[in-house]
Amino acid sequence: MNIPVKITEDSLVARAARVAEIAARYADAVDSEGRFPQESVDAMKAERLLGIQIPRHLGGEAASTTDIAELCSMLGQACAASAMVFAMHQIKLSSLVEHGVDSEWHCAFMRRIVAEQLLIASATTEGGIGGNLRNSICAIEIDGDICRLQKDATVISYGSHADAILITSRSHPKAASSDQVLTAFLKDQYTLEKTHAWNTLGMRGTCSDGFLFKGEAPAAQILPKPFAEIAAQSMLASSHLLWSGVWYGIAVDAVSRAQAFVRAAARKSPDATPPGALRLAEVSNLLQMVKSNVVAGLKAYEGAKADGDKLSSMGFAVAMNNVKIASSETILEIVNHAMLICGIMGYKNGTPFSLGRHLRDAHSAQLMISNDRILGNTSSMLLVHKQDTSLLG
């Protein structure tokens, strides 16, 4: 028997629904103008969603990754750029939550994030390394109690609008490129000089410009754990799962528009099966596959969180990589199916069935992080690791 979930006025779902309503109102303008979704981010802050992942003893609500993925999906159905900003903020928060609770400075920072609803950005890419976040050219310099960093960050999503940035670098000037640390810099501790403008096919509202970052802050703001550990145990899984939540939301809205189109056609000709009905059944199947894939990934992550060795294992990395690959590839197939169902009304802008924004946003999925790079990493791991084939995980 299905027991209905009680949604109270202050539940996470109810608060996210109010944000999604605002995000949907401005989604087309955010996309066409390539501007930051300020209205929806203001709504996130008003609904106090930016600190929900932080532990209760630090003022947060201890929301799980599964909770947050559901909110990403809800926002993705309204405005993919708004959802992606929310997802990327929560991905960086996961690094703080999982690896900063033993640091007095980072605990105080998390309290401040909750109290002030600070928006956190990420700077893991760099000129000269492409999208390989596990290597850095720049190095942080520690001088007594102060640290300094200069980085040519080719992409910092919503960097101009963030209240703080978590940024990767080598741990010291003589460190190997893979010997990295993650440092939190507050807005008044760095400058950003724009080097690349974000004028893209989709996800235009994320405003992921490139910047020359220059920062100086207390050395206590460097997270105490190596970035290799942070990436393996929190960032890898939260990125793939929360991004997949956003992409699933995009797909859900595309299928909803296709379903509405078929229903409208059926009402006009009640004695005939609409031509898009069979494709609608096919795309419903694909949508369920994406949902099952993401749900299985979330279940695996929640089950492994208490075991650091499992989180750092090859098997877990392969599983999370597979979630990302499957979600990012299938979403394009879903939106394409929806476009075929809606025909010219889906192809045109400004109709109730328009899917151009969905299609363009969906193309980003295979590029964040490049599927080719992820497949290369997975293939290397599978040379030495046996694929887990158990249905029970």
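**View 1. Salt bridges across the predicted model.** The whole structure holds 14 salt bridges (a side-chain nitrogen of Lys or Arg within 4 Å of a carboxyl oxygen of Asp or Glu). This is a predicted model, in which local features need pLDDT of at least 70, side-chain atom pairs count only at pLDDT 80 or more, and totals for chains, interfaces and linings use all residues. Residues are numbered from 1 along each chain as its sequence is written, and side-chain values use heavy atoms, without hydrogens and water.

**View 2. The salt bridge of Asp31 and Arg360.** N and O lie 2.5 Å apart. Asp31 sits in helix H1 (residues 12-33) and Arg360 in helix H11 (residues 356-362), 329 residues apart. Helices are DSSP runs of H or I, at least four residues, numbered from the N terminus. Asp31 is buried at 10% relative accessible area; Arg360 is partly exposed at 23%. Buried means under 20%, exposed over 50%, partly exposed in between (1.4 Å probe, protein chains only).

**View 3. A network of Glu33, Arg35 and Glu39.** Salt bridges link these residues. Between Glu39 and Arg35, the closest N and O atoms are 3.1 Å apart.

**View 4. Arg112 and Glu116 in helix H5.** Their side chains meet in a salt bridge, 2.9 Å from N to O. The two are about one helical turn apart, because they are four residues apart in this helix (residues 104-116).

**View 5. Cys79 without a disulfide.** A disulfide is a pair of cysteine sulfur atoms within 2.5 Å. Cys79 is buried, at 3% relative accessibility.
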